[in-house]
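Hi,

Here is the structure I promised to pass on.

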Amino acid sequence: MIKKGDTVEVLDERISGKVISVKNNEVVIETEDGFEMTFFTNEVVKIESGEMIIPSFEEVNKNLQEKEVFKKKPKRPVAKPKERSLPPMEVDLHIHKLVKSTKGMTNHDMVTLQLDIAKRQLDFAIGKRIPKVIFIHGVGQGVLKEELKYLFGRYDNIRISDADYKKYGLGAMELYIVQNPK
């Protein structure tokens with residue numbers, strides 16, 4: 001038990017001095033330099049005749065458990081997966097997926113329809129803040145692919161790259177929509 005007049009040292013710092021007062025679990029000490037400082041009783045150790053009284057293991061353990069650093073933190077709620085781990089939005093632009101029959105449609109009509117759908121889907125993704133969109137255009141002669149590159153090039157804050165080769169082969173492109181442009 002620490003009382004007025006005892007010589008003490010602070011556990012976590014190189015400070016020692018005489019006890020001026022003890023109230024509740026607080027100790028006011030006057031340091032060797034003449035400053036008055038206040039500490040909790042579990043932060044100081046009594047010294048007798050120049051030697052520190054070594055507290056028992058139980059006392060040390062009890063004082064450590066009371067320190068905030070060692071208190072167990074409450075478990076945080078499980079965070080939802082970040083946007084980057086969400087599967088990307090896929091838009092298949094194969095003409096047979098878009099219309100029942102191409103009868104009576106010219107090649108120009110087909111490409112125009114595919115580009116309209118691509119533009120509409122991209123605008124939807126931007127509006128819904130979807131970060132990645134895969135456009136499956138197919139291999140073919142590359143006409144649709146070039147038209148898509150031209151269309152997407154008119155948008156700001158979009159990065160275009162080839163989609164995953166293992167999954168899509170050469171017939172798809174991946175768009176990354178930058179959400180917070182500077």
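Below is what turned up, with the cut-offs given as we go.

First, the ground rules: this is a predicted model, so local features need pLDDT of at least 70 and side-chain atom pairs count only at pLDDT 80 or more, while totals for chains, interfaces and linings use all residues. Residues are numbered from 1 along each chain as its sequence is written, and side-chain values use heavy atoms, with hydrogens and water left out.

Let's start with the rings. The structure holds one aromatic pair, made by F135 and F152, which sit 4.9 Å centre to centre with 40 degrees between the planes, and that counts as tilted. (To pair, rings of Phe, Tyr and Trp, the last by its six-membered ring, need centres within 6.5 Å; planes under 30 degrees apart are stacked, over 60 edge-to-face, and the rest tilted.) The pair links distant parts of the chain, 17 residues apart: F135 is in strand β8 (residues 132-136) and F152 in helix α4 (residues 143-153). Helices (H or I, at least four residues) and strands (E, at least two) are DSSP runs, numbered from the N terminus. F135 is buried at a relative accessible area of 0%, and F152 is buried at 1%. Buried means under 20% relative accessible area, exposed over 50%, and partly exposed in between, using a 1.4 Å probe and protein chains only.

Helix α4 also holds L148, which is buried at 0% relative accessibility. What does L148 touch, leaving aside residues up to four places away in sequence? Its contacts (heavy atoms within 4.5 Å) are L93, L115, A118, H137 and M173.

Now the backbone. Most residues other than glycine have a negative phi. N24, though not a glycine, has a positive phi of about 50 degrees. N24 lies in the loop between β2 (16-23) and β3 (26-31) and is exposed, at 80% relative accessibility. R129 has a positive phi too, near 55 degrees. You'll find R129 in the loop between α3 (107-127) and β8, where R129 counts as partly exposed at 42%.

One more residue to look at is Y165, in helix α5 (residues 165-168). Y165 is exposed, with a relative accessible area of 57%.

Cheers
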